[in-house]
Amino acid sequence: MIRYHRLEHRFFEHIPEQLEPGVLYISMEYGTAAHLCCCGCGAEVITPFTPTDWKMTFDGETVSLRPSVGNWSLPCRSHYVIERGRVTESMPWSDKQVAAERRRDKAVKDQYYGTPKRTEAVGSAPAPTQPSNGVPGLWSRITRRLFGLWK
């Protein structure tokens with residue numbers, strides 16, 4: 001059941017730590033959007049803008065995201081479309097449909113990005129995942145949330 005039927009959009013360079021319900025936060029700098037799940041469960045939803053993920057359209061007044069948002073890894077399993085700031089509930093998906101979509105998504109990413117090749121030198125240190133002040137950076141928070149949602 002969808003609780004928020006409209007999302008106000010706000011453009012930011014850095015998405016804030018605390019998200020407000022009913023707001024779609026957009027960072028063009030980092031090519032991503034974030035919002036609290038429209039069912040009202042309070043879970044943070046991250047939608048990256050990439051050739052294989054979501055597309056964002058801003059018409060000067062409203063924002064749309066495509067494809068739909070399917071929160072399959074959340075307990076609520078909400079599924080909705082954000083079109084011109086309006087949230088429309090979509091039909092729930094079965095576990096079989098979700099599994100098929102995850103396979104399709106992986107295949108599309110593998111085809112688009114190719115198989116990653118490790119080129120690190122032996123003994124090289126991995127890239128740091130957070131700034132030296134110990135606070136996770138935006139990209140680190142986004143990737144943790146993404147991989148937490150898409151297991």
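**Exercise 1. State what share of the 151 residues in the chain is buried.**

Solution. Start with the term: a residue is buried under 20% relative accessible area, exposed over 50%, and partly exposed in between (1.4 Å probe, protein chains only). By this rule, buried residues make up 35% of the chain's 151 residues. The model is predicted, so local features need pLDDT of at least 70 and side-chain atom pairs count only at pLDDT 80 or more, while totals for chains, interfaces and linings use all residues. Residues are numbered from 1 along each chain as its sequence is written, and side-chain values use heavy atoms, with hydrogens and water left out.

**Exercise 2. List the order of the elements of the chain from the N terminus on.**

Solution. Helices (H or I, at least four residues) and strands (E, at least two) are DSSP runs, numbered from the N terminus. The chain has eight strands and two helices. Their order is β-β-β-β-β-β-β-β-α-α.

**Exercise 3. Describe the surroundings of H35.**

Solution. Step one is the location: H35 lies in strand β3, residues 32-36. Step two is the accessibility: H35 has a relative accessible area of 0%, so this residue is buried. Step three is the contacts, meaning heavy atoms within 4.5 Å. Leaving aside neighbours within four places in sequence, H35 touches L7, L19, V23, L24, A43, E44, V45, Y80 and I82. Step four is the polar contact (a pair of N or O atoms within 3.5 Å; within protein, one must be able to donate a hydrogen and the other to accept it, and residues adjacent in sequence count only if both atoms are side-chain atoms). The side chains of H35 and Y80 form such a contact at 2.7 Å.

**Exercise 4. Classify the aromatic pairs F12–Y25 and W72–W93.**

Solution. Rings of Phe, Tyr and Trp (its six-membered ring) pair if their centres lie within 6.5 Å; planes under 30 degrees apart count as stacked, over 60 as edge-to-face and the rest as tilted. The whole structure holds four aromatic pairs. For F12 and Y25 the centres are 5.5 Å apart and the planes stand at 40°, so the pair is tilted. F12 lies in the loop between β1 (8-11) and β2 (23-27) and Y25 in strand β2, so this pair ties together parts 13 residues apart in sequence. F12 is partly exposed at 31% relative accessible area, whereas Y25 is buried at 2%.

For W72 and W93 the centres are 5.0 Å apart and the planes stand at 15°, so the pair is stacked. W72 sits in the loop between β6 (63-70) and β7 (79-83), and W93 in the loop between β8 (86-89) and α1 (95-113), 21 residues apart.
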